[in-house]
Structure formats: C-alpha cells, structure tokens
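Colleague: I would like to go through this model with you and ask what each label rests on. Please show it first.

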Amino acid sequence: MTLATYWQAVDRFRAFARTEPNREAVIFPAGKNPDGLPAYRHITYRELDEWSDAIAERLTAAGVGSGSRTIVLVLPSPELYAIMFGLMKIGATPVVIDPGMGVRKMLRCLRAVQAEAFIGIPQAHALRVLFRGSFRKVRTAVTVGKRWFWRGESLAKWGTRPAGMLSARTPAALDNVLVIGFTTGSTGPAKAVELTHGNLAAMVEQVDATRGHIPPGTSLITLPLVGILDLLLGSRCVLPPLIPSKVGSTDPVHVVDAIDKFGVRTMFASPAVLIPLLRHLKRRPNKLKTLHSIYSGGAPVPDWCIAGLREQLTEDVQIFAGYGSTEALPMSTIESRELFGGLVERAHRGDGTCIGRPADRVRAELVAITDDPLPTWDRVEALADELETTHGIGELVVSGPNVSTHYYWPEQANTAGKIVDGDVIWHRTGDLAWIDDQGRIWFCGRKSQRVQTATGPMFTVQVEQVFNTVPGVARTALVGVGPRGAQKPVLCVELQPGADAMSVELKLRTRAAEFELTKPVSEFLMHPKFPVDIRHNAKIGREQLAEWATRQLEVRPR
C-alpha cells in the first residue's frame, strides 16, 4: 500500500491562508476596462487554499494519490495554481510541458511518462482523444473549460470548497519525485527532468535568500513555477495577459499598467519581455516607483537592456541577471551594479558573459570539453589537463539541494548528463564557462553549439559579445558551416531597424580584426529575424541558423 504523503512546503502556503485569509493570492486578467487596458479579478489565500483542497479531495476519490503522474496542460490562471497545489497536497506528481515545442515532439514526450491522470484545457483533451495511444494509462481525465466530445470530469463542476477536511498525510521523503518537467528541446532533445520534494523546497529557500529574506510583497509573474515559489513566500501574484508560447508578444503597456495598478515590488521576466518594456519606457517614461527588483532568466539579458532599465527606473532598483535551467533553478545570479563595475567591458573584449557566483548552497566546477559520458569523477580528473588547451574554458557542472540528479526519460540522458562523485551527483549543464579568481562564472556558450575549426574550438557567446557592440547590430549568432574539425565560422547578424547592411558589415570586419579571438571570422550574413526558443522567446536557435547559413554560402557566387 502506497503511503499517503504531501509536499511539506505546502504548509507555508497554508500558514498564510490561516493568518492572512483575505490577502490576494492570484490577481488575474478578466476582460478589459473601457480604456482598453486589462480588467483584473483576484482570489484570496483562503479561497485558493479551499479550492486546492476541493481539487485534492476529488482527485483522491478518483484514485489519484502519492506518486500519481498527472499531466497538467492549463494556461496561467487561478485554475492552474489551484490544480498544482491540489496535486502537491496529495503527493501526486504534476507533469508539465511546453505545448509550443510542437504536437509531434510533445506527444512523444508525454507518451514516455505513462501518466495516470490528465488535467487540461479542451484543446489538450482533443489531442489526448485523437492520439489515445500516447495516453493508454490515463484513468482520470479532468477538463478545465467546456468538455467537448469526451467523457470525464469537469473542474468547474467540482466546486471551489471541499466537502470535508482532507485526511492527514505524512510529509514525503526529500528524494521523492514531486514534479516532472520537460526541457524545451531548443538546444537538444527534450528530456523529462525529475524534481524532488527536496529540490523544490530548496528553490523556495534560495529565492528567499536571493531577495535578502525580504518578503516579495507583490510579484509580477511570467513563469508559473515562479508563481508557485512566490505563493509559498506570501506574495500577491499578478498574472499579466500573456501567451506562454509567445512570451515575447506580451504588451509592455499591460506590464506597466499591472506594476502601477498593484504596486508590484518584484518581477521575473525573460529578455523577450524586458527589451520591449525598455523600449516602451523610453517612449513613455515611467519610474515604476514601487518596483524594487527585477530578475531576468531564460537567456542572457543584453547588457544594454540592463543599462537602459537602470536609466529609466528608480536609482535604488536592483536588476539581477539570473542563470538556471529546468534541472537547476537558480544556479547563479549577479546584480547590475557589479556587472557595470568593469565586467561588461570585459565581456565586450571576449571574456564571455559574467553570470555571477553560484546560488546559495550550489557548487560549481569545470570539466574538460567532451561529448562523451563522464560516469564518475575519476574520469573527470583523468581529463583535467585538457582544460589547459581551451584556456580554462570547460563544461560547467553543478550540484546542490535544488539540482535535479535524475532524468525520468530518456534513460541515456542520465549517462550523458550526470557524474557520480561518491554521494554527490553532478549535473552537466551543457554550458561552457570559466570561473574567475573571485568565484564568478563567465558563460561562453552552449557546448553543442561550439564551432570546431581546424585551429581549435570557438565559443558562441564569447565571440558574439565582441560584435554585439557594433552600431546597427541588434544581435549576432556564431555558427559553424562544414564538417566538425574543419568548420568555417560564420557570423549571422540581425540588424537594428533602419540600419544599413553594407555599413554594418564593414564595421563588423573592422571589429573582427581587433581581437585574436575574432580574427578567424570572415563570413557575415544578415538575417531578417533570428529563431528563438519557445519557452522564453530568447535563446537563439543557432542550429537552425547554421542550416540557413550553409544554404546561403552554397548559393553565393564564388
């Protein structure tokens, strides 16, 4: 018989529901006001607690319990948070994925999980029914919204208050799986990441520590996981109107309106949100005086964006560039004042992007660059001398209480991505970096995207940062064309609106000649708009650009 368990960190949320029952928990868009701006409604901590209890009660009656893998395909909304807390209260395992990765990829990923329950919007259930072979083990189906032509439960009919008290449960062991989350597959095959009860509990503590243990107050939420963490810290979570697969299309007018209307104190956003926000603030200045801190993640935020936000916002605002992944969030952070204390200039000279020091209780090390498995730390030590050939740049590996130690699927991802070191499991990030004498990590690019020339490897971000300073350049992407070991480095360039391509190319060639690092780059291709990842709309799709560049060079007159 399976022991009835729950995620103990939920007790934090319940405590707020008891002591501040009328405090707004989730503030969400509900239509429009006469001025065209979003109208908002809210649910309180008590209402969210009761609603999640009701969901937990009904799921338990349906046979969902500790360890039950439950696919959750619901848009950011109060329903999403009620469902997630309901699942966590009964120790079930939510399975979350980005539908934007494409139907075929998503179905392959979800088939591998063999979920027993499925909670989703009507469009998600339509896929479940049409491709029922991918969901053979699903026994409980709950529709969020109108049920179309399938059987199953309706979340709306369950009500928002439980019939009675939830039965007592035991806190789950810290190494029990709490959530299965999929990587986007933007820089490699999508993988199912196991995040344990201990991993998520540590994330709550680390987010709190990063903020100096100051209560978040009111948070603007653009990533659902951050909403869960902030609700455990007592935040009023504001959800601006956004499309999860098109975060970059979020209207900055709505972001500013939400910050002003609700007195937002802290926000997490990808560069795809922050860059349009900066442009808007330059057109329509607004100090956003309640905003104390901004945390950026998903991809390196351009230094000019951070500098611009510092100019537009209040003098005491803190802007953190964060680094993390599905397997480990956060891994490191750095505040803007330290960045602009000489580190940005070093990035422009080819040092890479400084992403700060490891987060609370996270350990970071470097291993030699190899695509081969590193099963144990003994193998890492055997290859240590190879770091000298890459000037100290290696693959970043991390360990810590928030770091996932296992993939649910595919099994070979564990062979390729984990290193056993006694009782410690190191996670191979797939990112290349070096660590300075102050313990700061300098990100140089993805391992899988390194350009392997006849004279040695070139690292994407390290090179791109040199060129991104050229006037007229919006962003650049270094790719390799040709066979590995003899690749030609090609710089793809996205221009700023109105920039003259020929003039910019001339400046890029002049810039390339200034540094040994960039002298091998002699091919420059102007691209209309870079492909980006589906989760944050910020990571550049260099694999697609490499294919495009290959085609461009093939048809170019010799």
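Colleague: Which elements do the buried residues of α9 pack against?

Modeller: This is a predicted model, so read what follows as computed from it. The buried residues of α9 pack against α8 (252-262), β14 (266-269), β15 (293-296) and α10 (303-312).

Colleague: What makes α9 mostly covered?

Modeller: Of its 13 residues, 10 are buried. The buried residues of α9 include Pro 271, Val 273, Leu 274, Ile 275, Leu 278 and His 280.

Colleague: How do you know that the span of helix α9 agrees with its number of residues?

Modeller: Helix α9 runs over residues 271-283, and at 1.5 Å a residue its 13 residues should span 18 Å. The end C-alpha atoms of α9 are 18 Å apart, so the span agrees.

Colleague: Why is Thr 250 called buried?

Modeller: Buried means under 20% relative accessible area. Thr 250 has 7% relative accessibility, so Thr 250 counts as buried. Thr 250 sits in the loop between β13 (236-238) and α8. Setting aside neighbours within four places in sequence, Thr 250 is in contact with Pro 241, Leu 242, Val 255 and Val 273.

Colleague: Which residues touch the most other members of the largest nonpolar core?

Modeller: That core has 57 residues, and those with the most contacts to other members are Trp 7, Val 26, Leu 48, Leu 59, Ile 83 and Leu 231. Helix α3 (residues 78-89) gives the largest share of this core, eight residues. Another core, of 42 residues, lies apart from it, with Ile 275, Leu 339, Ile 393 and Leu 432 among its members.

Colleague: What is Leu 59 in contact with, leaving aside its neighbours within four places in sequence?

Modeller: Leu 59 is in contact with Val 64, Leu 87, Ile 90, Ile 119, Val 142 and Trp 158, with neighbours within four places in sequence left aside.

Colleague: How many disulfides are there, and why is Cys 444 too far for a bond?

Modeller: The count comes to zero disulfides. A disulfide needs two cysteine sulfur atoms within 2.5 Å. The closest cysteine sulfur to that of Cys 444 is in Cys 354, at 11 Å, and is therefore too far for a bond.

Colleague: Why are Cys 444 and Cys 109 called buried?

Modeller: The relative accessible area of Cys 444 is 0%, so Cys 444 is buried. For Cys 109 the value is 2%, so Cys 109 is buried as well.

Colleague: How do you know that the radius of gyration of the chain agrees with that of a compact globule?

Modeller: A compact globule of 558 residues would have a radius of gyration near 24 Å; the chain has 24 Å, so the two agree. Along its principal axes the C-alpha trace spans about 75 × 55 × 45 Å. The chain has 16 helices and 29 strands, and 56% of its 558 residues count as buried.

Colleague: What share of the accessible surface belongs to carbon and sulfur atoms?

Modeller: Carbon and sulfur atoms hold 53% of an accessible surface of about 24,300 Å².

Methods: Residues are numbered from 1 along each chain as its sequence is written. This is a predicted model: local features need pLDDT of at least 70, side-chain atom pairs count only at pLDDT 80 or more; totals for chains, interfaces and linings use all residues. Side-chain values use heavy atoms; hydrogens and water are left out. A nonpolar core is a set of buried Ala, Val, Leu, Ile, Met, Phe, Trp, Tyr and Cys residues joined through side-chain atoms within 4.5 Å. Buried means under 20% relative accessible area, exposed over 50%, partly exposed in between (1.4 Å probe, protein chains only). Helices (H or I, at least four residues) and strands (E, at least two) are DSSP runs, numbered from the N terminus. Contact means heavy atoms within 4.5 Å. The expected span of a helix is 1.5 Å times one less than its number of residues. The radius of gyration is taken over C-alpha atoms; the globule rule is 2.2 Å times the number of residues to the power 0.38. Accessible areas come from the Shrake-Rupley method with a 1.4 Å probe; for residues, only the protein chains shown count as cover.
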